[in-house]
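Here is a short walk through one protein model, meant for someone opening it for the first time. Take a look at the sequence and the fold, and then read on.

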Amino acid sequence: MMAKFKSGAAGMSGVREFILFVWNEQKVVGAIVSAAVAVVALFAFNFFSELMFFSDPGNLNRPVEPWMSMRLVAQSWGVPKENMIEALGYPDDTPIDELPRKVSEYLGERGLTIAEFQALIEQTQAKLRGGMWQ
């Protein structure tokens, strides 16, 4: 038997009553909605933290360091993923799991220095800005 939701006085007591109603009568629906809200909150936090990070001009065209991820380098320098993969010398159809995650992994794999890798990224960005890649 389902109890009907009774709305009380306006304000927080009505919200409290509604939450208690959902908890007592609709636990599965409440759990699903709570999980969905948590996932949305996680993605929203990630979106806004990246938005704030890359809104700071100090984080654009940032000098490459070994601890950086390839994704961070690509975003900082404005290089799309496809162009980054090509610039690193991998075929377009290379699975993402086979690509190095960190700059240090790539440097060790190819035997490059940070300065050489920085020059490679700068050349890639210059090609993109000059319209050599579309």
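How close do the axes of helix 2 and helix 3 come, and at what angle do they cross? They come within 11 Å and cross at roughly 55 degrees. Before going further, a word on the ground rules. This is a predicted model, where local features need pLDDT of at least 70 and side-chain atom pairs count only at pLDDT 80 or more, while totals for chains, interfaces and linings use all residues. Residues are numbered from 1 along each chain as its sequence is written, and side-chain values use heavy atoms, with hydrogens and water left out.

**The overall picture**

The protein has six helices and zero strands, so its elements read α-α-α-α-α-α from the N terminus on (helices are DSSP runs of H or I with at least four residues, strands are runs of E with at least two, and both are numbered from the N terminus). Of the 134 residues, 25% are buried (buried means under 20% relative accessible area, exposed over 50%, and partly exposed in between, with a 1.4 Å probe and protein chains only). Among contacts with a separation of 6 or more, 47% join residues 24 or more positions apart (a contact means heavy atoms within 4.5 Å).

Six of its eight residues are buried, so helix 3 is largely enclosed by the rest of the structure. Those six are Met70, Leu72, Val73, Ala74, Ser76 and Trp77. Their cover includes helix 2 (27-55), helix 4 (81-87), helix 5 and helix 6. Just after helix 3, Gly78 takes a positive phi of about 70 degrees.

Two packed helices are described by the angle between their axes and the distance between the axes. Here are two such pairs, with axes as lines fitted to C-alpha atoms over the stretch in contact and angles from 0 to 180 degrees between N-to-C directions.

| Pair | Axes come within | Crossing angle |
|---|---|---|
| Helix 2 and helix 3 | 11 Å | roughly 55 degrees |
| Helix 3 and helix 6 | 10 Å | roughly 45 degrees |

Helix 3 and helix 6 are therefore oblique to each other (under 35 degrees counts as roughly parallel, over 145 as roughly antiparallel, 65 to 115 as roughly perpendicular, and the rest as oblique). On the helix 3 side, the contact is made by Met70, Val73 and Trp77, and on the helix 6 side by Phe117, Gln118, Ile121, Glu122 and Gln125. By class, that contact has five nonpolar, two polar and one charged (Ala, Val, Leu, Ile, Met, Phe, Trp, Tyr, Cys and Pro count as nonpolar, Asp, Glu, Lys and Arg as charged, and the others, Gly among them, as polar).

Where helix 2 meets helix 3, Glu50, Phe53 and Phe54 touch Arg71, Leu72, Gln75 and Ser76. This contact has three nonpolar, two polar and two charged residues.

**A closer look at Gln75**

Leaving aside neighbours within four places in sequence, Gln75 is in contact with Glu50 and Phe54. Gln75 and Leu60 are 15 residues apart in sequence and 8.1 Å apart in space, C-alpha to C-alpha.

**Helix 5**

In helix 5 (residues 103-110), Val103, Tyr106 and Leu107 are buried. They cover an arc of only 100 degrees around the axis, which puts them on the same side of helix 5 (the arc is that of the directions from the helix axis to the C-beta atoms).
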